[in-house]
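I opened this notebook to record what I looked up about the ligand and its surroundings. The entries follow the order in which I made them.

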Amino acid sequence: MVATLLNIFAAFSRAMSKSGERTFLAVKPDGVQRGLVGDIISRFEKRGYKLVALKLQQVSEDHLRKHYADLKGKPFFEGLVKFMASGPLVAMVWEGLDVVKQGRAMLGETNPLASKPGSIRGDYSIDMGRNICHGSDSVESAKKEIELWFDAKDLCDYKKANDVWVYE
Ligand code: ADP
């Protein structure tokens, strides 16, 4: 009961704070196999974002069908689900100012060809079906994805000592 109240209070304070936005990111199986997990985490850490949850996990096709429900019916849907279930991926939640939009910018475009050098996809991928990393495309889908991938108890609410050097 007390824990629930504290969680509600923490969520409320976060919602009130400009730096409390959260996004869901996943280093896809190709990113894990290619040894890019550390690099991707490092980019978000260096940018100033806060890691709130992280797990290495091989997930079921059923779980991925839920995650990619909006894409059901697309010709690449089944291949995408099978690929994402083919090996471990790293699921993460990151927090900070405009992290959904900035996270997408750091990822690059869905098509690596359109992704600028300097972005994750622009630096490390050449094929749309092997584009290394997933990031929520809106605050609303971030909320849904975080709920699908993580239990509320696994999301860490903590203060970072360097916040005063990251935020005005
Ligand atoms: P994003 O991951 O950039 O949000 P989407 O949600 O539209 O893009 O698509 C999910 C994933 O499906 C993409 O990251 C990509 O791996 C794959 N994908 C999208 N479009 C295609 C396509 N035309 N052919 C093959 N794979 C695709």
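Entry 1, the shell. In this predicted model, I listed the residues around the ligand and found Lys28, Tyr68, Leu71, Phe76, Leu80, Arg104, Thr110, Arg121, Met128 and Asn131.

I looked up which protein atoms approach the oxygen atoms of the ligand. For Lys28, an N or O atom of the side chain is 2.9 Å from a ligand oxygen. For Asn131, a side-chain N or O atom likewise lies 2.9 Å from an oxygen atom of the ligand. Met128 takes part through its backbone, where an N or O atom is 2.9 Å from a ligand oxygen. I also noted the cover: on its own the ligand has 530 Å² of accessible area, and the protein covers 75% of this.

Where does the ligand sit? I found it in the largest pocket, for which I recorded a volume of about 760 Å³. I counted 26 lining residues, and those nearest the centre of the pocket are His67, Tyr68, Leu71, Leu80 and His134. The elements that give two or more residues to this lining are helix H4 (61-67), helix H5 (77-84), strand E4 (133-135) and helix H8 (139-149). The largest share, four residues, comes from H8.

I sorted the lining of the largest pocket by class and recorded eight nonpolar, nine polar and nine charged residues.

Technical notes
Residues are numbered from 1 along each chain as its sequence is written. This is a predicted model: local features need pLDDT of at least 70, side-chain atom pairs count only at pLDDT 80 or more; totals for chains, interfaces and linings use all residues. Side-chain values use heavy atoms; hydrogens and water are left out. A residue is near a molecule or strand if one of its heavy atoms lies within 4 Å of it. A polar contact is a pair of N or O atoms within 3.5 Å; within protein, one must be able to donate a hydrogen and the other to accept it, and residues adjacent in sequence count only if both atoms are side-chain atoms. Accessible areas come from the Shrake-Rupley method with a 1.4 Å probe; for residues, only the protein chains shown count as cover. On a 1 Å grid over the protein atoms alone, a cavity is a set of points where a 1.4 Å probe fits but cannot get out, and a pocket is an open set with protein on both sides within 12 Å along at least five of seven lines; lining residues have an atom within 4 Å of a point. A molecule sits in a cavity or pocket if more than half of its atoms lie within 2 Å of its grid points. Grid points are joined across faces, edges and corners, and a volume is the space filled by probe spheres set on the points. Ala, Val, Leu, Ile, Met, Phe, Trp, Tyr, Cys and Pro count as nonpolar, Asp, Glu, Lys and Arg as charged, and the others, Gly among them, as polar.
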